[in-house]
Amino acid sequence: MKILVIGATGTIGSAVYNTLKEQYNEVYGAHRNSVSYPIDITHKSSIEGLFKNLPKLDAVINTAGTAVWKSFSELSEQDYYTGIHSKLMGQINLVHIAQEYLNDNASITLTTGILAEHYEPNTTALSFINGAIHSFINTASNELKRGIRLNAVAPGAIAGDFPNNQKFAGHFPVTIQDVVACYKQLLINKSTGTIYKKY
Ligand SMILES: NC(=O)c1ccc[n+]([C@@H]2O[C@H](COP(=O)([O-])OP(=O)(O)OC[C@H]3O[C@@H](n4cnc5c(N)ncnc54)[C@H](OP(=O)(O)O)[C@@H]3O)[C@@H](O)[C@H]2O)c1
């Protein structure tokens, strides 16, 4: 299986990339500052550029994308657009472009998070992005052609990034191993339109 992992140096992406590398022969680790496989998901031309330089793939896993963390009263309109351009439209554009380059029955997995449905202070400009991606997946997964599947992993706070004994959005952190297992599961099962929640 040929797999592209985007965000491959991040907390989640590096764990996904390193785990899949052990199991599959062709796993490409891409991220913004990569020398071998650079990609900036906020630019469609950059997404296209990477796909043009890779063989046809069986799976794309995206763990890249940011949004602004601020209290509601501090948020400007521009702060919302930061997340819209990066984590939201970055992932949506990725799906539009990836489908043109993937093999039949390929798998696309996006990343959202617990904030789609649980409150944590200072996360308004991130939580609505996660919710929007869930709605996007609910619909777009029905219309992708050639058997291409579209799912997301929605992790809670990752232990190590957050203190183990402290709740985030009402839940204790989850282990990175459990989160990686969700990405692996979505890779091999036949599901589409699934939001795999791990919290
Ligand atoms: N960490 C958590 O506890 C947690 C929990 C739930 C959900 N999430 C979600 O999971 C996702 C990943 O989080 P993370 O903590 O693993 O992130 P991270 O550690 O900050 O890593 C981000 C990765 O994405 C790459 N990246 C950032 N912006 C990019 C762009 N515009 N185009 C291409 N690559 C880009 C970075 O590459 P460069 O270094 O080259 O820029 C890096 O490899 C985010 O959507 C986050 O909201 C995280």
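Start with arginine 146. How exposed is arginine 146? With a relative accessibility of 35%, arginine 146 counts as partly exposed. Here buried means under 20% relative accessible area, exposed means over 50%, and partly exposed lies in between, with a 1.4 Å probe and protein chains only. Select the loop between helix H4 (124-140) and strand E5 (149-155), and you will find arginine 146 there. Helices (H or I, at least four residues) and strands (E, at least two) are DSSP runs, numbered from the N terminus. Look at the backbone too: phi of arginine 146 is near 55 degrees, a positive value in a residue other than glycine. Most residues other than glycine have a negative phi.

A word on what you are viewing. This is a predicted model, in which local features need pLDDT of at least 70, side-chain atom pairs count only at pLDDT 80 or more, and totals for chains, interfaces and linings use all residues. Residues are numbered from 1 along each chain as its sequence is written, and side-chain values use heavy atoms, with hydrogens and water left out.

**The whole chain**

Now show everything as a cartoon. The protein chain has five helices and six strands. Follow them from the N terminus: the order is β-α-β-α-β-α-β-α-β-α-β. The C-alpha trace spans about 45 × 35 × 35 Å along its principal axes. What is the radius of gyration of the protein chain? It is 16 Å, which agrees with the value near 16 Å for a compact globule of 199 residues. This radius is taken over C-alpha atoms, and the globule rule is 2.2 Å times the number of residues to the power 0.38.

Colour by burial next. Of the 199 residues, 48% count as buried.

**Strands E1 and E2**

Select strand E1 (residues 2-6). Four of its five residues are buried, so E1 is largely enclosed by the rest of the structure. Two strands pair if DSSP finds at least two bridges between them. Which residue in E2 is the bridge partner of lysine 2? Click on glutamate 26 to see that partner.

**Strands E3 and E4**

Move to strand E4 (residues 102-111). Seven of its ten residues are buried, so strand E4 is mostly covered. E3 and E4 pair in the parallel sense over four bridges. Find isoleucine 61: it stands opposite threonine 109 in E4.

Zoom in on asparagine 105, which is in strand E4. Is asparagine 105 buried or exposed? Asparagine 105 is exposed, with a relative accessible area of 57%. Its phi is positive, about 65 degrees, although asparagine 105 is not a glycine.

**Aspartate 58**

Last stop: aspartate 58, in strand E3. At 24% relative accessibility, aspartate 58 counts as partly exposed. Which residues does aspartate 58 touch, leaving aside its neighbours within four places in sequence? The contacts are Met1, Lys2, Asn103, Ala106 and Ser107. Contact means heavy atoms within 4.5 Å. Then select phenylalanine 162, 104 residues away from aspartate 58 along the chain. The C-alpha atoms of aspartate 58 and phenylalanine 162 are separated by 33 Å.
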